[in-house]
Structure formats: structure tokens, C-alpha cells
Amino acid sequence: MAKIFSQSDVATHKKPDDLWVVVDEDVYDLTKFQTEHPGGQKILQRVGGKDASKQFWKYHNESILKKYKGQLQIGSLDSKKQDAPPTPPPSPPQKKDPSPEAAQPSPESGAVAPVPSKVAEELKESMDPYGDLVPYADPSWYQGQHSAYFKLTHEALRKEVREWVDAEIEPNVTEWDEAKRVPEKIYKQMGERGYLAGLMGLHKYPTHLTKHRVRSVGPEQWDLFHELIVTDELSRAGSGGLVWNLVGGFGIGCPPLVKFGKKPLIERILPGILNGDKRICLAITEPDAGSDVANLTCEAKLTEDGKHYIVNGEKKWITNGVWCDYFTTAVRTGGPGMNGISALLVERDHGGVSTRKMDCQGVHSSGTTYITFEDVKVPVENLIGKENQGFKVIMTNFNHERIGIIIQCIRFSRVCYEESVKYAHKRKTFGKRLIDHPVIRLKLAHMARQIEASYNWLENVIYQCQMMNETEAMLKLGGAIAGLKAQSTVTFEFCAREASQIFGGLSYSRGGQGAKVERLYRDVRAYAIPGGSEEIMLDLSIRQAMRVHKILGMKL
Ligand code: HEM
């Protein structure tokens, strides 16, 4: 039971050896904490015994209170409503029969007000507003607008993931990024919460491979928009390293195994992975072969008895490699070019696998790895797909990989934008809040327009993937997804830069209020380069579209 204090009780604890302060009507004992306070002791002593809410919010954001509340709060003021019911969310927009008195927006003079058709009227059902309601900081369906794609199960999943991220992930993300590691228990929870099984770009949730289920969505209701929500909400923590740690290796290393692996291999390996006990990654890129996959050199030679492959070679920039048990590896089993490539599941237990963590500019907690395979003896049963037909396996994977990157980039752009909007409302320069300077609003507007354009394209692409089978999607959507990947990384880079300009010095030093922006700025290149660089993506977007539309009967 929290203790109740009056303001005058608190006022008696104003000395350095007995130092209390009030923040938002909660009382904190900072006597011991003051010596470790990064902002200094004296500044706390000056507000000892007083309400320091104004000063607190000037220098910190919400994550600080979330992190330290449990440790430092000793009670609340008697003026604070005790056991008050949670503040209800703002009432949703009127759905049916708006009363004649209700204010209706009227068109500007000269504008033509469209009248909804009868069908549209019947379909009209907007979502309840959710989140902080900062415009453009969340997708429009979070903000009381209509959506053709999202239903009740999506709303429920959004709430489920957000609560988890807010409570257990976001307050610790900066620490984990600096430590270059996310605690294993978080990955384990990804399995136990049923998220891993839902993140493979499959049309059906694979109930035969795991006993875990997502709490708020039945397996039969699971679709690609649920998958979007899990990645999107995880990305709100504002750390590429975190997201890549949890889904980076898995999201690209596991689908080829599930889609093309032999049944006994899948049944042996998958349950451990989907439970969160074992980890898998995708090993394609080499010191000398990146986007140019067809030229890779890591070789796998069949033994004379035809029972094993002997693998030798190097792989570089492999996400999660250091802590993986399994490596979905592209190897050369035949002649030069794309027709000599196979996909093979290498297991660390086979021996001869060495992994070394690489030091990179960003995504620090993702475990970017250099791998060497030295005479690794892999049973032929571990072949994924057919021999020398691995190129198809790798290509099929790209749409899913790129969509994951796109989701993250758009959300990171939103995070940069949201942090900027919030900061611009409290920071004053030249006697005005930043938000009151037109030059700052211009920056926000340019961020928002690119975010919304990218996100709406993403929703459409996901809907198309949902409606098409894998091969059709690969052909018809490969170009668009490549174009959208470039669009989203350019947007991310733009937003990270503009947010950094708005935060000034706070986004140059690490930690504190600018922590997310500073970190995301460092993460940008990890999105603009892998999974197909911007240049390769833009070229592919046109080449592929032309090729497919020629077949469809394009008239020039
Ligand atoms: C519950 C009480 C408080 C806690 C737990 C706390 C915690 C922290 C932490 C963790 C930082 C490091 C920067 C960051 O991560 O944001 C920090 C910085 C700072 N704090 Fe506090 N603080 C508290 C109260 C206060 C109060 C009441 C003031 C002012 C009167 C204050 C002034 C500052 C300043 C000036 C900085 C440096 C900001 C910067 O580097 O730009 N803090 N505080």
C-alpha cells in the first residue's frame, strides 16, 4: 500500500542527508540516489522538499520515471486521487446517427465536400483512438480513422505487444545497446508469447511446430497484418539492435528452412527454435559477395559416399551469428553463377564453425558476426531445397526480409518524428517553444509526409502479399518491394537527420533525452545497405516491374 504524504510532510525532507522531491504528485526519496544522479547532486538539493515536476520534465523523458519509480518512489501526495479509475481514452468519433447539434466540419469555401456512398456508410466503422495521439506518430488507424485492413484481433495484439514493450523493453534498451547484448530471457519470451512462430511470413500460423500461442489472436485468425504489428510495435523501442537481436536472424534464417526443408529436419529443429531455446540465422554475405549473391565462393563438397557435404569458407556481416545454433547457409555446390548455389543448414554442433563478433557503427545489440567454416561435416539431410537450386530459396526469402526492413524503417522514422514533436513542445529558444518556430514545423511536415506515403504503400504491399501465393508475389511484387525498401531507408535517413537537428547537442551525446535519436542516427546505414542497397533496389524496382508488365501485356 503506497504511503500518503501532505506537501508539508515532504517540505521537512529538504536537506542533503534527507532529500525528498515530488514529481507529478508522487513522492521520491533521493537521499541515496543523489550521488549517482547523472545531472549532479546540487541540482537535486535545490529542489529538496519541493514539487520538482517542472524541472524534472524539462530534463528527462518518461522512460526515466518508468525505470526508477520502483526503486525511488516512497508514496504519493494526499492531493493525488487514490485508486482512481484509469483515465478513459478520448471518446471515439461518433459512429452512427450523429446528433444534429454535434459540430460537423464544414468545407473551406470553394472545396467540394464528397458525400460517402451508401456502401461506404454501411462499412464505416472507425477504430478507437489508441496511444498518445500525436498526429502521424502512429499509423492513422491508431488515431480514430478508418481502415480496410485492421480488425479487432489487430487492435488486441497491438495492445498486448505495446504493454510488453513499454514495461520490459523500452526502459532498458539504451543499457542493452551500450552492453551490445539483449538478455536471453527477452528472446525466450518472444517464443513463449508465440510471436516467433508468427514472424515467418507464412499465410498460416504453424500450430504443428509449437505449442505456444499468441494470447490475443487465435492461430486461424493470424495474417500478415498481425506480423506487421509485432515488428512495428517492437520497433517503437527505437533500437535497430534490439529488433535485429530478436527477429533479425530468425526472420530471414528460419523461413527458408520451413518452406523448403525436409520434413524430418523441420520436425527435429523447429520446435526448439520456435520455443526461443535455440537460435538460427541466415549466412549468405561474404567478404567479397553482398548484393551480388550469384558470385559467392563458400563451398560445400559432397563426400565420396554421398552422405555429407564438407563446407569451407567465410561469411561476413551475419546478424545474430555469435549466439546461433543453426546457420541457413548459401554454399557453392556446383559451377560458377547462380545455378551452382545450394542452401544448407549448418549446425554449430557439426564442429569447425567459428564466430567472431564484429564491431560496427550501429545496431550494436544485434551481434553482427564474421563466420569461418573449416571442414564442417554436414549431413545431406540438411540440404534446404534441391542441390544447385539454392538461388531460388534465397530469392524467395528476399520479399519477406525487405518487408521486415521496411516496417522497421518506417517506425524508426515515426520515432524520430514523435521524439521531435514532444521535445519541440517543451524546449524554448529565443523566447518561444521550438514548435512555435515555422522552420521547425517545416521539418516536421517533411518528415510526416514521407512517413505517411511510405506506410500507406506498405499497407498495400502487405495486402497484396496476403492475397497472392509466394511465387506470384515474388514476380509481381519483387519490384515494388525493392522500391519501397529504398523509399523507407531514404525516409529513415531523412527523419534521423532532421530529428537530430531539432534535438541539437542532445542527439550528439549518448543517453538522456536524445538517446533514441542519437542511436537511430547510428543505425541508419544498417538499413540502407543490407538486404539490397538503395542503388540496387531502385534499379531492380524498375527492371523487375518492366519485365513482369511485359508479360502482363504492357503497351508502349
Ligand atoms: C526521480 C528523480 C530523478 C531521477 C530518477 C533522475 C534521473 C536522471 C538520469 C538517469 C539522468 C541521465 C540522463 C537521462 O537518461 O535522461 C538525469 C539527468 C539529469 N537530471 Fe535527473 N533525475 C531525477 C530528478 C531530477 C530533477 C528534479 C532535476 C532538476 C531539478 C534533474 C536534473 C537533471 C539534469 C540537469 C540532468 C542532465 C540532463 C542532460 O544531460 O541534458 N533531475 N537524471
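Modeller: In this predicted model, the ligand is surrounded by 21 residues, and the closest of these are Pro 38, Gly 39, Ala 52, Gln 55 and Tyr 68. Sorted by class, the shell around the ligand holds 14 nonpolar residues and seven polar ones, with no charged residue among them. Several secondary-structure elements contribute to this shell with at least two residues each, namely strand E3 (18–23), helix H2 (42–45), helix H3 (53–59) and helix H4 (62–72). The ligand lies between domain 1 (3–77) and domain 4 (396–552), because both of these domains give residues to the shell.

Turning to the helices, one can begin with helix H14 (residues 470–503) and helix H17 (residues 534–552), whose axes come within 8 Å of each other and cross at roughly 155 degrees. Since angles over 145 degrees count as roughly antiparallel, H14 is roughly antiparallel to H17, and the crossing of the two helices is left-handed. On the H14 side the contact includes Leu 475, Lys 476, Gly 478, Gly 479 and Ala 480, and on the H17 side the residues include Glu 534, Met 537, Leu 538, Leu 540 and Ser 541. By class, this contact of H14 with H17 is made up of 10 nonpolar, six polar and three charged residues.

H14 has a further partner in helix H13 (residues 438–467), and here the axes come within 9 Å and cross at roughly 160 degrees. H13 and H14 are therefore roughly antiparallel to each other, and H13 passes H14 in a left-handed crossing. In the contact of H13 with H14 there are 15 nonpolar, eight polar and two charged residues.

The remaining pair is helix H9 (residues 224–235) with helix H12 (residues 390–426), which pack at an angle of about 40 degrees with their axes 9 Å apart. That angle makes H9 oblique to H12, and H9 passes H12 in a right-handed crossing. H9 brings Leu 228, Thr 231, Asp 232 and Ser 235 to the contact, and H12 brings Gly 404, Ile 407, Gln 408, Arg 411 and Phe 412. The classes in this contact of H9 with H12 come to three nonpolar, four polar and two charged residues.

Note on methods:
Residues are numbered from 1 along each chain as its sequence is written. This is a predicted model: local features need pLDDT of at least 70, side-chain atom pairs count only at pLDDT 80 or more; totals for chains, interfaces and linings use all residues. A residue is near a molecule or strand if its C-beta atom, placed from the backbone, lies within 6 Å of it. Helices (H or I, at least four residues) and strands (E, at least two) are DSSP runs, numbered from the N terminus. Ala, Val, Leu, Ile, Met, Phe, Trp, Tyr, Cys and Pro count as nonpolar, Asp, Glu, Lys and Arg as charged, and the others, Gly among them, as polar. Domain bounds come from an automatic or database domain assignment. Axes are lines fitted to C-alpha atoms, for helices over the stretch in contact, and angles run from 0 to 180 degrees between N-to-C directions. Angles under 35 degrees count as roughly parallel, over 145 as roughly antiparallel, 65 to 115 as roughly perpendicular and the rest as oblique. A crossing is left-handed if the near helix is turned anticlockwise from the far one by less than a right angle, and right-handed if clockwise. Two residues are in contact if their C-beta atoms, placed from the backbone, lie within 7 Å.
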